[in-house]
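Thank you for letting me take a few minutes of the meeting. Please have a look at the sequence and the structure as they come up, and keep them in view while I talk.

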Amino acid sequence: MNLKDAKNILDEILDLCYQAEDPFLNESAEGIYRDVQSTKTPEQVLRCASELMIFVNETQFDDMDLKAEIERLFNQLQDEYEEFE
């Protein structure tokens, strides 16, 4: 997995987090987004995504399909990282 692919998946996750319209999650996502801008490796992107998932799991979602899609993308990121490790 290259850095660009990892960042693209995390960008999709961040977009979905913003759709939840939860102030706590949005604030957390903004911080993660800033951190991701300085990442240099897919491993660092995965670390940022893992941190974001802590906030996702603490958020009450009105749309459980949205949360399921976030989790699916995170699992995809993990799987693709492990395949190329």
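This is a predicted model: local features need pLDDT of at least 70, side-chain atom pairs count only at pLDDT 80 or more; totals for chains, interfaces and linings use all residues.

Asn26 lies in helix α2, where helices are DSSP runs of H or I with at least four residues, numbered from the N terminus. Residues are numbered from 1 along each chain as its sequence is written, and side-chain values use heavy atoms, with hydrogens and water left out.

Is Asn26 buried or exposed? Asn26 has a relative accessible area of 19% and is therefore buried, since buried means under 20%, exposed means over 50%, and partly exposed is what falls in between, with a 1.4 Å probe and protein chains only. Leaving aside its neighbours within four places in sequence, Asn26 is in contact with Cys17, Tyr18 and Glu21, contact meaning heavy atoms within 4.5 Å.

Let me stay with Glu21 for a moment, which lies in the loop between α1 and α2. Glu21 is exposed, with a relative accessible area of 68%, and its phi is near 55°, a positive value in a residue other than glycine. As background, most residues other than glycine have a negative phi.

Now to helix α2 as a whole, which covers residues 23–37. These 15 residues reach 21 Å from the first C-alpha to the last, close to the 21 Å expected at 1.5 Å a residue; the expected span is 1.5 Å times one less than the number of residues.

What does Cys17 touch, once its neighbours within four places in sequence are left aside? Cys17 is in contact with Leu25, Asn26, Ala29, Leu52, Val56 and Ile70. Cys17 also belongs to the largest nonpolar core, which has 26 residues, and is among those that touch the most other members, together with Leu10, Ile13, Leu52, Val56, Ile70 and Leu77. Each of α1, α2, α3 and α4 (64–84) supplies at least two residues of this core. A nonpolar core here is a set of buried Ala, Val, Leu, Ile, Met, Phe, Trp, Tyr and Cys residues joined through side-chain atoms within 4.5 Å.

Finally, the charged pairs. Side chains of opposite charge can pair when their charged atoms come close. The structure holds two salt bridges, a salt bridge being a side-chain nitrogen of Lys or Arg within 4 Å of a carboxyl oxygen of Asp or Glu. In one of them, Glu43 pairs with Arg47, with the closest N and O atoms 3.6 Å apart; both residues lie in helix α3, four residues apart, about one turn of the helix. In another, Glu69 and Arg72 meet at 2.7 Å, N to O, and these two are three residues apart in helix α4, so about one helical turn separates them. Glu69 is partly exposed, with a relative accessible area of 29%, and Arg72 is partly exposed as well, at 42%.
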